[in-house]
Every structure is written in C-alpha cells, then in structure tokens.
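Good morning, and thank you for making time for this presentation. I would ask you to keep the sequence and the structure in view while I speak.

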Amino acid sequence: MNEGDSGGMPRAPRMKKKLYEAELFRLQGELVKVQEWVRAEGARVVVVFEGRDAAGKGGVIKRFREYLNPRIARVVALPAPSDRQRTQWYFQRYVEHLPAAGEIVLFDRSWYNRAGVERVMEFCTREEYLRFYRECPIFERLLVDDGILLRKYWFSVSDQEQERRFRSRLEDPMRRWKLSPMDVESINRWEEYSRAKDDMMLHTDIPEAPWYVVESDDKRSARINMIAHFLSTIAYTEVEHEPIALPPRPPATGYERPPRDMQTHVPDHAAKLSAEDVL
C-alpha cells in the first residue's frame, strides 16, 4: 500500500462524532475570541491552507469561520490568473488580498500554486518555479517583518483516502462539481506532486513562517487538530465588551401596515409541504 503523504503512518481510529462536535464547538468559541482580539488590537492574520486535492481544506475552512464575522474573517480562493495577471510579478495579485488592521484572511490555496499544480501540470516554466523558491521566503519574511501573523498548513492525505473521496464525489450528484479534470489527473501524477511538495517544503519551511502538516485521512481529527494548533500560536486575550441593554419598544403612534395584496409575496411553499404531510 502506498501511503503517499502519510509517510507510512497507520490510520488512527475515526474520532467519535459526539466528542468531535463538543470539542469543535469549544474551539469555535475560542476563534470568536481571537476575532474580537484581532479587531480590538488591529492585528492582521493570514492563514494559508494547502494540500492535495480532496485533502479536506474546504471543510476545515468552513468550520473555522462558521461563527466568525465575514467582514473580519474572509476567504480568498482565486481563479486562474488572467492574461494580464500572468505578466505581473507573480505575488502581485495575492498582495491586494492581504489583510488590513483588524482582519483575518484565509487563503484557500495561495501563492503556493506555483510550487504545486503549476509546476506539475507545466503551467509555468522551470525558471519560474525556481525563481519562486528564491523569492517566496523573502516575500514571507517581508509579511512577518511588517507585523502580519502568517500561519501555513499543509493537509496530508494518503493516496487510498484521496481516491475514496474522489469516488464519493463522483457518485454524489450534489458534490460531483467538486471533481474536476485536474483532480482526476492528480491521480496519475501522484508521485510528481509528492516530489513537488517535498521541494516546496525544503525551500519555504523557514523559521519566520514554518509549515505545519495536518494528517487529514480523518477529517474530524484534522479539523480539531488544525484549529487547536492555530489557537495555540496566537497570544490572544479575551476582549471585554460593554454590556448592551435592549431599550423598551416605544408606544405605537398609529402606523398601519398597507394591505398585503399591495405587495408581491413569496409563495408559502413550506405551508404546502406541511399540509401534504398531514394528509
């Protein structure tokens, strides 16, 4: 059996659902505290999510920001670069998405596309990805030196689990859109992606912005482990809020709502279903 990214590690038993849900909710409460600390302190946070196709990045991001304010914590998932962007400095289109004070940015794939899919699928030249290896550590040191809290996570999945998830998507009409020709080709190029990932780690795992590897064959454990680790790297404190009291409603002054037939209402589809259920 080829364990691929899992390095031959035996698969741990799946985390029990009840334990997972309880701990996830607790961790999400801590993420809300981090959000309020980021807003109060004017901090800037960047979290990079990378890994193979079907490694579970999207599921982690979804749980990470489930209770966060989308105006503060936003996801950046860029499409393929335009013709104009291809002529820019490679990092240029990512810079405009970096956070301002009081913001958290989650990159669902990032500038590391060049070291992964672009290299393996030959969307860039050898000279371009070698230049990336030279420039990326400098770019990230500049971000950190400027005060950005940069965290980088690689989600590692075995070849067998990746294939199982691909087949699950193929058989599910609600999720089939998540399986692209690029995903299918990644099966044929498994070892090429492995070598590209190893080179990427070698050149960009720097003290100022280290890589953290998340074993993600068990999605529940991966989500818990990633969020718990992220929280452990942020020296946040709970922000005290001024108490808010709802005022009493003022007395009515004679306002009358216009007749309902003067407005166009959405049909009550729910009531129709309820009536059919009774019958």
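This is a predicted model: local features need pLDDT of at least 70, side-chain atom pairs count only at pLDDT 80 or more; totals for chains, interfaces and linings use all residues.

I begin with E118, which is buried, its relative accessible area being 10%. The partner of E118 is R114, and the two form a salt bridge in which the closest N and O atoms are 2.9 Å apart. R114 is buried as well, because its relative accessible area is 12%, under the 20% cut-off.

Let me set other salt bridges beside that pair. The search of the whole structure finds 21 of them. One of these joins E163 to R167, with an N to O distance of 2.9 Å. These two residues are four apart in helix α7, residues 159–171, so about one helical turn separates them. In general, an α-helix has 3.6 residues a turn, and therefore residues three or four places apart point the same way. E163 is partly exposed at 33% relative accessible area, and R167 is partly exposed at 49%. Another salt bridge links D198 with K197, where the closest N and O atoms lie 3.3 Å apart. Here D198 is partly exposed, at 45% relative accessibility, whereas K197 is buried, at 16%. There is also a network of salt bridges, which links E30, K33 and E238.

Which charged residue is buried yet has no salt bridge? That residue is D218, and the nearest side chain of opposite charge, R14, is 4.1 Å away. D218 is placed in the loop between β5, residues 211–215, and α10. Its side chain reaches the backbone nitrogen of R220 at 3.2 Å and makes a polar contact with the side chain of S221 at 2.7 Å. Beyond its neighbours within four places in sequence, D218 is in contact with P13, R14, M15 and R165.

By way of contrast, consider D261, in the loop between α10, residues 219–233, and α11, residues 269–278. D261 is exposed, with a relative accessible area of 70%. From K219 it is 42 residues away in sequence and 50 Å away in space, C-alpha to C-alpha.

The largest nonpolar core has 31 residues, and V47, F49, F64, F155, M226, I227 and F230 have the most contacts inside it. Two or more residues come from each of α1, β1, α2, β3, β4 and α10, and α1 gives the most, with seven residues. Apart from this core lies another, of 27 residues, including V76, F107, Y112 and C124.

Within α2, the residues K57, G59, V60, I61 and F64 are buried. The elements that cover the buried residues of α2 include α1, β1, β2, β3, β4 and α10. F64 itself touches L31, L106, M226, I227 and F230, leaving out residues up to four places away in sequence.

Finally, the strands. How many of the eight residues of β4 are buried? Seven are, so β4 is largely enclosed by the rest of the structure. β4 runs parallel to β1, to which seven bridges join it, and E50 stands opposite W154 in β4. β4 also runs parallel to β5, with five bridges between them, and Y153 has Y212 in β5 as its bridge partner.

I shall be glad to take questions.

Conventions: Residues are numbered from 1 along each chain as its sequence is written. Side-chain values use heavy atoms; hydrogens and water are left out. Buried means under 20% relative accessible area, exposed over 50%, partly exposed in between (1.4 Å probe, protein chains only). A nonpolar core is a set of buried Ala, Val, Leu, Ile, Met, Phe, Trp, Tyr and Cys residues joined through side-chain atoms within 4.5 Å. Contact means heavy atoms within 4.5 Å. Lys and Arg count as positive and Asp and Glu as negative; His and the chain ends are not counted. A salt bridge is a side-chain nitrogen of Lys or Arg within 4 Å of a carboxyl oxygen of Asp or Glu. A polar contact is a pair of N or O atoms within 3.5 Å; within protein, one must be able to donate a hydrogen and the other to accept it, and residues adjacent in sequence count only if both atoms are side-chain atoms. Two strands pair if DSSP finds at least two bridges between them.
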